[in-house]
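This report goes through a set of local features of one structure, beginning with a strand turn and ending with a helix pair. The sequence and coordinates come first.

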Amino acid sequence: MRRRAVALFLAATACAQPSHFESPLAVTADRATSAPALVIDRALQKQHISGFGASSAWTAGNISSDTADLFFDPEQGLGLSLLRMHIAPDGTTSETNTAKLAVARGVKVWAAPWSPPGEWKTSGTDTDGGSLLPEHYQDWADRLTAFVNAQAAAGVPLMALSAQNEPNWKATWESCVYDAAELTTFVRDYLAPTIARDCPGVKLLTPETIDWNTLSGFVTPLLADPGAAAAVDIVAVHDYGGVPYAYTAPADNGKEFWETEVSYDDQVGVLAALETARQVHRHLTTGGVNAFHYWWLVGDDTSGGGLLVKGALVPQAYGLGHYSKFVRPGYVRLDVAPQPASGVSTSAFADPDSGRVVIVAVNENTSAIDLSLHFAGRSPAALVPWLTTADVSLKAQATVAFTDPLAYSLPPQSITTLVTSDDLAPSDSGEGGQANQPDDNGGMSASGASGAAGEVAIPMGSGGSSTQASGGTGSTRPGHGGTTSTARGGSGGTGGTTSEGGATDSLDGGVDDGGARHVPGKYYACLCRLPGGDRGHGAEALPVVALVGVLAGRRRSRAARVARRA
């Protein structure tokens, strides 16, 4: 399309940065003339959002604190707010340590069983399907609620319990098959009464069918039965078949609707990020789900399936992170045009308390697309963009002063999250010092020499922060939910002492410390040790070596992806 509107696009490149620290600029873009319109009206509310999550099953039972920050902290990482645990046939788990780290970061944890013990099943084995014998329905219900109480005693209060993972899929790993009538009976007569007796307040989630095609075949009997319908709190589906459609039965019956497992492994690079973001968008807008889960936190080193593979976040993590980092539990989806232009997906969400709005735009075209943004009612002072392309991964961009309407350009093959802000204070940059060495979490540990220190600031996203070098003047500018912090030790003036402190401003390793910034790595947030480089006013840039990887062998059919999970 012909681009008549002047648009803003300031993208950080992967291997080249200015040799001096640049303060964020408050840039006003020209008014739109003919770009597709996106109207944001806080009064047009759809479903509330309960969160975004993934599973620790089998592969992530004992992650480190730094990795927990990467997954669950909205300031330092993806901001996942839900964790799905695996319950073993014997009623235990190896994931309590990870769950405790998640709880400490405000995450809601729930659990799902894959199979009862083999001796209670028609197959005689934990694996290869088989059904729960009716004479052991109560035994299994007792074991599941005992698991809930054991986790609570260990410091992991579960918010929900699933009746069964994929009851309509016979797998070579742990699995148990129910038909709709059997599942309804188990839920109504055994599991629900046992939860009420042993762990009241814990929600019951079901049926977690393997795909959208078979979902209604299980949900319809459950909700048609008064006893089962009263017991079920959350209706759940996996995305290994079919496509999301407008399924209103959960909402019509006062239930939440969650998508609870999927992995998108057919693409690599930015295409994988785009696919993931588009699928999350489709589930939220067309499907109307309240929560979305990826499969694994930590994927298999050879076949993927997770958000972190071989020690690095994969593109799919950034596709999800454009939602999970900013759209917090309790936000509501707003009714905006889901596809304002061909190849473009847009969604918007609002915090009912503050009125803050988050807009996520996915441009799968190979050319830039202009949008004309308009707010009905109160307009924000500014927008803080976060960007993923082939070159940057969930990277904060320069703050954009808002004029109504605003012409905003979506870069080719990109994901953009725009976070409203009512703060557009000016800032002046001082002379920076040296960059710091990257730590093992893809960020930078703070310990650089300061030069003539002035005030420095970076636009931050959800929970982000600005930093101020001691001896500088002016003011810092926090971003969405951000706070300010002062880098300590710098006395100002030429040859000042070392400063400590700093805050991450992106998931691909960017950290600012008293005016110092390193070059971010390309695409993946590296968990490995990387060489650093100097960053001072007029200093020669030494680029950070980027971790660039292509996960070979990840293209596979959906059936093969399903067969891979265990």
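Leu-308 has Leu-313 as its bridge partner in β13. The model described here is predicted. Strand β12 pairs with strand β13 (residues 312–313) in the antiparallel sense, over two bridges. The two strands form a hairpin with two residues between them. In the turn, Lys-310 has a positive phi of about 55°.

On its pairing with strand β11 (residues 291–298), strand β12 (residues 306–309) runs in the parallel sense, again with two bridges. Gly-306 in β12 stands opposite Trp-296. Strands of a sheet pair through backbone hydrogen bonds, and the sense can be parallel or antiparallel.

## Aromatic pairs and a cluster

Trp-296 also belongs to an aromatic cluster, together with Trp-58, Trp-114 and Trp-295.

How many aromatic pairs does the structure hold? The count is 18. One of them joins Trp-110 and Trp-258, whose rings are 6.0 Å apart centre to centre, with 70° between the planes. An angle over 60 degrees counts as edge-to-face, and the pair of Trp-110 and Trp-258 is therefore placed in that class. Trp-110 lies in strand β6 (residues 108–113) and Trp-258 in strand β10 (residues 256–261), so their contact ties together parts that are 148 residues apart in sequence. Both Trp-110 and Trp-258 are buried.

Tyr-245 and Tyr-247 form another edge-to-face pair, at 5.7 Å centre to centre and 70° between the planes. Are these two residues buried or partly exposed? Tyr-245 is partly exposed, at a relative accessible area of 29%. Tyr-247 has 12% relative accessibility and counts as buried, because the cut-off for that class is under 20%.

## The sheet β2-β17-β21

Three strands make up an open sheet with mixed pairing, in the order β2-β17-β21. The edges are β2 (37–41) and β21 (406–410). Each edge strand has a single partner, so one side of each is left without a neighbour in the sheet. From one strand to the next, the twist averages 35°.

The pairing of strand β17 (residues 369–376) with β21 is antiparallel and covers five bridges. Within that pairing, Leu-373 has Leu-406 in β21 as its bridge partner.

## Helices α4 and α5

Helix α4 (residues 180–198) packs against helix α5 (residues 215–224) at an angle of about 45°, and the axes are 9 Å apart. The two helices are therefore oblique to each other. The crossing of α4 past α5 is right-handed.

Which residues make the contact between α4 and α5? On the α4 side they are Ala-180, Leu-183, Thr-184 and Val-187. These meet Gly-217, Phe-218, Pro-221 and Leu-222 in α5.

## Leu-271 in helix α8

Leu-271 is found in helix α8 (residues 269–287). This residue is partly exposed, with a relative accessible area of 38%. Leu-271 and Ser-414 are 143 residues apart in sequence, while their C-alpha atoms are 9.2 Å apart in space.

Terms used:
Residues numbered from 1 in each chain as written. Predicted model: local features only at pLDDT ≥ 70, side-chain atom pairs only at ≥ 80, totals over all residues. Heavy atoms only, no water. Phe/Tyr/Trp six-rings, centres within 6.5 Å; stacked < 30°, edge-to-face > 60°. Helix = DSSP H or I, 4+ residues; strand = E, 2+ residues; numbered from the N terminus. Buried < 20%, exposed > 50% of the residue type's maximum accessible area, 1.4 Å probe, protein only. Pairing = 2+ DSSP bridges. Axes fitted to C-alpha atoms, helices over the stretch in contact; angles between N-to-C directions. Parallel < 35°, antiparallel > 145°, perpendicular 65-115°, else oblique. Left-handed = near helix turned anticlockwise from the far one by under 90°. Contact = heavy atoms within 4.5 Å.
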